[in-house]
Amino acid sequence: DRPAPATAGLSHDKWEIDHNELVLLEELGSGQFGVVRRGKWRGSIDVAVKMMKEGTMSEDDFIEEAKVMTKLQHTNLVQLYGVCSKNRPIFIVTEYMRHGSLLNHLRRHEQSLINNQGLLLDMCIQVCKGMAYLERHNYIHRDLAARNCLVGTENIVKVADFGLARYVLDDQYTSSGGSKFPIKWAPPEVLNYTRFSSKSDVWAYGVLMWEVFTCGKMPYGRLKNSEVVERVQKGIILEKPKACYKEVYDVMKKCWSPLPENRPSFRSLKDTLVNVSQSIL
Ligand SMILES: CCC(=O)Nc1cccc(Nc2nc(Nc3ccc(OCCOC)cc3)ncc2F)c1
């Protein structure tokens, strides 16, 4: 069948999708943004449609940004096809990923994955490739975690919701003191100064690697956010997952260097992980 077009076919506002061309199907889940449903676009293209609950997002700013996001295209990024912004709630229409979030996938398949270091490392490398593309385009994710990655057929893993955190209105989510802020994926400079960068994404990537090699455990277990902040500021880092080669854990530790400038770039991480993969597997 025809390859899915990178963005809406309409010429004038190519990021604008006509909601009459969408058929909404079953619900896939919901987040603080609202409900996400599977859909069909122009009769045949599988899509995911995020129906943005009113008041959760600064919509006009997001619609402006959507023009940029539709241009970010990489095999390891969940493609933004466009938005339906003529009605409320606005719809965000993206590529559909058959097997859902990476976090749930890891937890559901723990038994078969826990001894497959090669596959776990390959998943990490795929996320790294998507993030290296964003880094090259000076695009910061701000909420990289296994819950924000998605799994497709043939164990394809893609990064989703990049940059979306900037448009969330709920300051419980956006301020580092907020109850919904992803503290466990945040480096010291974000906890102290909310200073986001591709190097803060690299810290979060190290935590995502830990999530992958523990098959979806919660980082720092049931510790309260305040206890995690204290540990991170003292330089206490996550322990080596049981099912994890020392060489892989060494890479995680580099991602958790206290100073952002001492953390590797995604570009160099990709080369390191590919070498580790070839040397140990
Ligand atoms: C803020 C939280 C938030 O967005 N959450 C959120 C929830 C749900 C789906 C999405 N997004 C996308 N999902 C898919 N595929 C998908 C397939 C199966 C599935 O199984 C659910 C039941 O499992 C037993 C879930 C998702 N493809 C692209 C998306 F973009 C985002």
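**Close-up views of a predicted model**

**Lining of the largest pocket.** Strand S1 (22-31) contributes four residues to the lining of the largest pocket, the largest share. The structure is a predicted model, in which local features need pLDDT of at least 70, side-chain atom pairs count only at pLDDT 80 or more, and totals for chains, interfaces and linings use all residues. Residues are numbered from 1 along each chain as its sequence is written, and side-chain values use heavy atoms, with hydrogens and water left out. At least two lining residues each come from S1, strand S2 (34-41), strand S3 (45-52), helix H1 (59-69), strand S5 and helix H2 (102-108). Helices (H or I, at least four residues) and strands (E, at least two) are DSSP runs, numbered from the N terminus.

**Centre and volume of the largest pocket.** The largest pocket holds about 1200 Å³ of space. Val 36, Lys 50, Arg 147, Asn 148 and Asp 161 are the closest to its centre among the 45 lining residues. By residue class, the lining divides into 23 nonpolar, 13 polar and nine charged residues, with Gly counted as polar and Asp, Glu, Lys and Arg as charged. A pocket is an open set of points on a 1 Å grid over the protein atoms alone, where a 1.4 Å probe fits, with protein on both sides within 12 Å along at least five of seven lines; lining residues have an atom within 4 Å of a point. The volume is the space filled by probe spheres set on the points.

**Surroundings of the ligand.** The ligand is surrounded by 15 residues, each with a heavy atom within 4 Å of it. Leu 28, Lys 50, Thr 94, Glu 95 and Met 97 are the closest of these residues. From Lys 50, a polar side-chain atom lies 2.5 Å from an oxygen atom of the ligand. Met 97 places a backbone N or O atom 2.7 Å from a nitrogen atom of the ligand.

**Strands S4 and S5.** Strand S4 (residues 80-84) has five of its five residues buried and is therefore largely enclosed by the rest of the structure; buried means under 20% relative accessible area, exposed over 50%, and partly exposed in between (1.4 Å probe, protein chains only). Four bridges pair S4 with S5 (residues 91-95) in the antiparallel sense, pairing being assigned if DSSP finds at least two bridges. Phe 91 in S5 is the bridge partner of Cys 84. Together, S4 and S5 form a hairpin with six residues between them.

**Loop between S4 and S5.** This loop holds Ser 85 and Pro 89. Ser 85 counts as buried because its relative accessibility is 14%. The side chains of Ser 85 and Glu 16 are joined by a polar contact of 2.6 Å, that is, a pair of N or O atoms within 3.5 Å, one able to donate a hydrogen and the other to accept it. The peptide bond between Arg 88 and Pro 89 is cis, with omega about 0°. Most peptide bonds are trans.

Neither is a glycine, yet phi is positive in both: near 50° for Asn 138 and about 80° for Arg 142. Most residues other than glycine have a negative phi. With a relative accessible area of 69%, Asn 138 is exposed, whereas Arg 142, at 25%, counts as partly exposed.

**Loop between helix H6 (188-193) and helix H7 (198-213).** Thr 194 is located in this loop and is partly exposed, with a relative accessible area of 38%.
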